[in-house]
Amino acid sequence: MSAQQIPVVVLAGFLGSGKTTLLNHLLRTARGTRVGVLVNDFGSIEIDAMTVAGQVGSTVSLGNGCLCCAVDASELDTYLEDLTRPAARLDVIVIEASGLAEPQELVRMVLASDNERIVYGGLVEVVDAAEFDATRARHPETDRHLGIADLVVVNKADRVPEDELRRVRDAVTGLAGRAAVVTAAYGRVDPELLFDRAARADDTAGARQLSFEDLYADAYERDHHDHPHAAYETVSFTAGEPLHPRRLMDFLDSRPEGLYRIKGFVDFGAADPDNRYAVHAVGRFLRFYPEPWPPGGQRLTQLVLIGSGTDGEALLRALDGCRVAGPHDTPEDHALWGVLRYVPDPREEAEPEPDPYGTAAYDADPDDTAAYGTDPYDADPYDAAAYGEAADRA
Ligand SMILES: Nc1nc2c(ncn2[C@@H]2O[C@H](COP(=O)(O)OP(=O)(O)OP(=O)(O)O)[C@@H](O)[C@H]2O)c(=O)[nH]1
């Protein structure tokens with residue numbers, strides 16, 4: 001991801017599922033990462049806004065009602081403009097959706113935003129494990145919401161027995177499609193699942209004095225033995241030889257369910273000797289950002305993969321298979337085209353190919369509202385057929 005782009009994460013979930021609790025956990029444990037928050041409240045404006053306000057510099061409450069009907073894309077852009085101004089120095093922005101908001105509307109708005117400093121960071125759905133069946137019965141749209149999530153947090157794990165938690169988790173996994181599913185109590189997921197912790201000059205030096213926030217986070221994590229690291233797996237891949245673009249795209253196109261995030265840099269060798277490709281995948285969303293190689297440094301591919309229920313060894317083996325094996329394995333002309341489809345440049349020369357995920361709008365530049373028609377709401381950034389157009393407008 002290019003250094004200037006700030007991921008925008010949409011945090012959704014039914015009323016009372018624990019979104020604010022999770023957000024507060026993220027803010028408590030962010031440790032130097034600057035999190036901007038847009039709170040979209042419905043009926044509990046002041047309470048939620050105040051809950052998070054004390055802990056973050058740039059909190060803007062989208063008060064007056066449900067974001068999907070009360071705020072249009074240009075208003076969201078105004079707020080994002082404010083939060084992405086360089087002086088705010090934010091590393092990530094979280095939009096906490098009202099429990100009544102249609103999450104895909106929010107995702108559409110983020111994808112259709114004119115703001116060049118943001119990149120979509122994924123849709124996180126919070127589910128109340130204790131209320132799962134009741135919520136589904138009353139709100140059948142729950143299934144649809146889970147189907148478009150990139151990460152599902154089955155929260156309130158402390159409120160149900162272990163076998164019941166397993167049952168709910170399995171049911172959620174069945175509905176969640178490609179999303180990673182993690183369980184949590186009081187929203188205690190690892191912040192790295194949602195965003196990179198910032199490595200600031202003043203945050204990396206060993207001699208730096210611990211802040212109150214660090215001490216608080218350490219104590220907090222010590223006190224809670226169900227440490228979130230157990231819920232997912234991180235694997236790192238490094239290669240000195242270039243990767244074959246077509247084989248890497250095959251790997252990405254068939255990446256397993258539960259592989260929630262991929263980040264890092266790719267060396268495509270002779271296929272583009274001038275640039276390395278920053279890669280940013282969250283859920284089904286995938287982008288490549290070519291940028292000139294830093295002069296003098298070693299040319300490496302370095303990737304970090306984060307998933308839940310994934311087989312790390314198998315992922316590494318699959319990536320090993322993407323290495324260019326020698327001169328006889330030189331990528332053919334146009335091998336890079338599959339990668340270029342995911343470079344967010346509307347003037348890109350490469351012809352788009354059919355979308356393997358049926359998530360074509362993800363390929364469209366979020367800044368290019370024409371890709372969504374004149375009204376960004378007209379197009380479904382996911383698969384409109386899967387959700388039923390009319391129901392979405394409710
Ligand atoms: N037992 C238990 N309670 C939780 C957990 N997570 C949140 N809660 C409680 O559930 C209630 C609702 O949590 P919130 O974080 O406000 O939920 P929300 O999704 O932001 O709610 P809305 O803003 O109304 O949509 C609060 O009383 C929380 O303390 C959990 O994992 N276990």
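**View 1. Strand β6 and its partner strands in the predicted model.** Four bridges connect β6 to strand β7 (residues 180-183), and the two strands run parallel; helices (H or I, at least four residues) and strands (E, at least two) are DSSP runs numbered from the N terminus, and two strands pair if DSSP finds at least two bridges between them. Within this pairing, Val153 stands opposite Val182 in β7. β6 also pairs with β5 in the parallel sense, over five bridges, and here Asp128 is the residue opposite Asn155 in β6. The structure is a predicted model, in which local features need pLDDT of at least 70 and side-chain atom pairs count only at pLDDT 80 or more, while totals for chains, interfaces and linings use all residues. Residues are numbered from 1 along each chain as its sequence is written, and side-chain values use heavy atoms, with hydrogens and water left out.

**View 2. The two faces of strand β6.** Strand β6 (residues 151-155) is mostly covered, since five of its five residues are buried, where buried means under 20% relative accessible area, exposed over 50%, and partly exposed in between (1.4 Å probe, protein chains only). In a regular strand the side chains alternate between the two faces of the sheet. In β6, Leu151, Val153 and Asn155 point one way, whereas Val152 and Val154 point the other way, and all are buried.

**View 3. Strand β4 beside strand β1.** Strand β4 (residues 92-96) is largely enclosed by the rest of the structure, because five of its five residues are buried. Val92, Val94 and Glu96 point one way from β4, while Ile93 and Ile95 point the other way, and all are buried. Strand β1 (residues 6-13) runs parallel to β4 and is joined to β4 by four bridges, with Val10 opposite Ile95.

**View 4. The nonpolar cores around Leu151 and elsewhere.** A nonpolar core is a set of buried Ala, Val, Leu, Ile, Met, Phe, Trp, Tyr and Cys residues joined through side-chain atoms within 4.5 Å. The largest one holds 67 residues, and Leu151, Val152, Val172, Val189 and Leu194 touch the most other members. Strand β5 (residues 118-128) gives the most to this core, with seven residues. Apart from this core lies another, of 27 residues, among them Leu248, Leu259, Ile262 and Val266. Leaving aside neighbours within four places in sequence, Leu151 is in contact (heavy atoms within 4.5 Å) with residues including Leu123, Val124, Ala180, Val182 and Tyr260.

**View 5. The surroundings of the ligand.** The ligand is surrounded by 16 residues, of which the closest are Lys19, Thr20, Thr21, Asp158 and Tyr186; a residue counts here if one of its heavy atoms lies within 4 Å. Helix α1 (residues 19-29) provides the largest share of this shell, three residues. A polar side-chain atom of Lys19 lies 2.7 Å from an oxygen atom of the ligand, and a polar side-chain atom of Thr20 also lies 2.7 Å from an oxygen atom of the ligand. For Thr21, an N or O atom of the side chain is 2.6 Å from an oxygen atom of the ligand. The protein covers 72% of the 650 Å² of accessible area that the ligand has on its own, with areas from the Shrake-Rupley method and a 1.4 Å probe.

**View 6. Ser254 in a loop.** Ser254 lies in the loop between α11 (245-253) and β9 (259-267). This residue is exposed, with a relative accessible area of 54%, and its side chain reaches the backbone oxygen of Asp250 at 2.8 Å.

Key. A polar contact is a pair of N or O atoms within 3.5 Å; within protein, one must be able to donate a hydrogen and the other to accept it, and residues adjacent in sequence count only if both atoms are side-chain atoms.
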